[in-house]
Every structure is written in structure tokens, then in C-alpha cells.
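Here is a brisk tour of one structure, chain by chain. Keep the sequence and the 3D view open as you read.

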Amino acid sequence: MKKSWIVLSVVVVLSVGGISYSFADEKYSEFEKGAEFAKYYQKTIAQKNNKISSLTNESNEISEDEILDKIARYKAYSKAFGIQLSEEQAIEKLKERKLLAKFANEHNIYPADKEIDAYIKEIAESYKSTKYDVVEGIMEELGIDEEEFFFRFSRDGYEEALVRLKILEKLKDENERLTEESEAVYHNRMLEELNSLIKDL
Amino acid sequence: MKLRKIGVTMLAAVMLVLVFSATSFARIKEDNDFFTSSLFHPDYGLYNLSYDVFIIEDYYVDRRADDVELSHHHAVGIGKTGGYPFKMEIQLANVYKDSNGTIGSVSNLNWNWKDRLDDYFMDKGNTAYGGGSKKVFYSTVSEKPKLTTTSQAVADGIIYGTSGKITMSLY
């Protein structure tokens, strides 16, 4: 009788330990990275008045809020994921965004709000079946739900992605796929065309 | 008294099964299964990249009763990487292990077999990413080794995503 209980106790301890290890392992660190990203993002946004005046903003088309938001994201990304992204890179990226938006507007290919919403919805739907701990950590730290994460917090990024895809479509209309060129290789060639276009702009 | 003992034994067995399920179902997927790598891009946000992992070909020679030779093996990931506003790649690395530990590993860098994979493409936008191997690995036990494939979604040459793992039994 006693022996059975000892065996059972050992099994229970091993079981609980094993199950919690399997859930904690790999998962927790990703969640923490997301939470750290959100913390540093909020911290930079809170320092608004100290920092923004020292930044160079040659273009009046970019608002201070946009610059601050982009820098906050880059700083947080560097801190949480160890990939160094500078303030200068953030401003350059914003300039690119504005130039491409202008180009898309001039050629009447800027996506409508409905189209942007549909693009985000597709990504948000894919998230329902494949969760990512980094995103879970960001949402928890910012105190937002999936709807807010995808349609508000990430909106600018998805909008820019869609503008770039629209311009890529235009470039594909103007440049045919070569014989024996796979769709993936063709797509990458058009991405290089897009980079050349950005330089020309 | 006897009934109680049986109850305790059954409970213990159920707990052990639970442990096994929790650890294996959390990480192991089978050959020809759907797989996803997530990527959180600093400019464009979250993307989930879906692809299939196939064992294309494997070939063994049983040299002796207690020794297995893995002479020829290919495991690849095939997925659509062309629909993004940045250059997307899947990086795969394969590690072969028997119960005594690692017997060999292969990464994308060793892979030069992509052109023979067209039959596996379901979509013209698909791309195949290796791991494959023509190396000879020797397992020191009679069981065939297991293959663990680690995958990463990479944008513009930078690893913005985190890795996922699939472990497959080789037949």
C-alpha cells in the first residue's frame, strides 16, 4: 500500500514537472521578447518631448508622431531581438514610405481603406490558427487584444506592405516573366526593380 | 484493497501517458505535414509562412545487424515565398540522431539538389528549401535514426523570425 503511494507520488511529480517543462521550454523566452519589445516601445514614446527636437526631419510631410513611433519600434526591436536598427535607418525608412505612397497616389494604385482592411484581416485570420508567443507578449504588455494589435498597432506597417505590393504588381505588368524563370525568382527580380525605383525617386 | 491498488496503477499509467502526449504533441509533426514559421518584421509586422516538409528520398544499407548506414537522404521544405513585400526565404537545417546522439547534420549550404524537385510543387510560386544529404551517416544502433528539421523564416537575409522544429521518423 505504502509503496503504491510512493510510486504514485513520484509519477505525479514527474508528470507535473514534465508537462510544465514542455510548455515553459522555448515558449517563455519568445513571450518575454515580445513583452520587452512592448516595454521599450512604450518607454521611448513616453520620452517624446526630450528626444524628438534633436532629430533631423528634412521633410515636412513626415509628422513628429510618425518619426517618434518608428524610432520607438526600431529601438524596441533592437533591444528585444538583438538586431541593431538605428534612428537614421528609421527616418530613411519613413522617407521611403512617403515616396512610395506619393508614387502610388500619382499612378492611382494606392489601396483603398477596404482593401487595406481585407489584407490585414487575412493576416489576422491566419493568426487565429497559428499563434506566436512574441505577439502574445506584445499584446499582454500593451494591454491590447488581437483586433487592436492587427488593425491599429500594426496598421501602418501592413498599409506600407500593401502599397509596395501594388507597385510590384505595376512593375510586373511592365516587365514580363522570363522563360524558365520561376515565380519566386521573378518576384525577387521585381523587388530589386522596386529598390531601383526608390533610388530614382 | 486489490481494487485500490489497480486504481493507483491505472492512475499512474494515465499520468505517464499524459506526460508523453504533452511533450510529443507539442513538438513532433509527421512527414508530409503542414508547417508554419512566424516572422515579426520590424517594418511590416507579423507574417505566418506556411510550407510542407517532405522526405523526398531515403535509402539505407544494413551493414551489420548492429549498424545502420544512412547513405542517401533528402528532406525539404516547400512553400510559397513569393508574395511578400520583401525577399523571403526558408532556412532549413537537418540533424540526424540515433539513440546514442547526433550522427550527422546538413544545412541549406550543403543543398544543391533543388532543380529535381519540380514534381513536388503544387503552385508555380513555390520554392524548395533543403536540407538534403548525399553524405553517409552511420548509426551505431540497429534502430534507424530520427531526423529533426529546424526551420527559420528569413526576410531580406535577416532572421526576423524564430525557429520551429519538426521531428520525423525515418522508415
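## Strands of chain B

Glu89(B) stands opposite Val154(B), a residue of β9(B). The model is predicted: local features need pLDDT of at least 70, side-chain atom pairs count only at pLDDT 80 or more, and totals for chains, interfaces and linings use all residues. Residues are numbered from 1 along each chain as its sequence is written, while chains are lettered from A and ligands numbered from 1 in the order in which they are written.

The strands here are β4 (residues 88-98) and β9 (residues 146-155) of chain B, which pair in the antiparallel sense over ten bridges. Two strands pair if DSSP finds at least two bridges between them. Strands (E, at least two residues) and helices (H or I, at least four) are DSSP runs, numbered from the N terminus.

β4(B) also pairs with β5 (residues 101-107) of chain B, in the antiparallel sense, over six bridges. Ala93(B) has Ser107(B) in β5(B) as its bridge partner. Two residues lie between β4(B) and β5(B), and the two strands form a hairpin.

## Make-up of chain A

Chain A has ten helices and zero strands. Buried residues make up 22% of its 201 residues. A residue is buried if 20 or more other C-beta atoms lie within 10 Å of its own, exposed if 12 or fewer, and partly exposed in between; C-beta atoms are placed from the backbone.

Now the contacts. Two residues are in contact if their C-beta atoms, placed from the backbone, lie within 7 Å. Of the contacts in chain A with a separation of 6 or more, 71% are between residues 24 or more positions apart.

## Two crossing helices

How do α9 and α10 of chain A cross? The axes of α9 (residues 155-174) and α10 (residues 183-200) come within 10 Å and cross at roughly 105 degrees. That makes α9(A) roughly perpendicular to α10(A), a term for angles of 65 to 115 degrees; under 35 counts as roughly parallel, over 145 as roughly antiparallel and the rest as oblique. Axes are lines fitted to C-alpha atoms, for helices over the stretch in contact, and angles run from 0 to 180 degrees between N-to-C directions.

From α9(A), the contact uses Arg164(A), Ile167(A), Leu168(A), Leu171(A) and Lys172(A). From α10(A) come Met190(A), Glu193(A) and Leu194(A).

Also in α10 of chain A is His187(A). His187(A) is buried, with 22 other C-beta atoms within 10 Å. His187(A) and Gly137(A) are 50 residues apart in sequence and 33 Å apart in space, C-alpha to C-alpha.

## The buried face of α7(A)

Helix α7 (residues 133-142) of chain A has Val134(A), Val135(A), Gly137(A) and Ile138(A) buried. Seen down the axis of α7(A), these buried residues fall within an arc of 160 degrees, so they line one face of the helix. The arc is that of the directions from the helix axis to the C-beta atoms. Gly143(A) follows α7(A) and has a positive phi, near 70 degrees.

## Exposed sites in chain A

Asn108(A) sits in the loop between α5 (87-106) and α6 (113-129) of chain A. Its phi is near 55 degrees, a positive value in a residue other than glycine. Asn108(A) is exposed, with 6 other C-beta atoms within 10 Å.

Glu88(A) belongs to helix α5 of chain A. Glu88(A) is exposed, with 12 other C-beta atoms within 10 Å. Glu88(A) and Ile71(A) are 17 residues apart in sequence and 8.7 Å apart in space, C-alpha to C-alpha.
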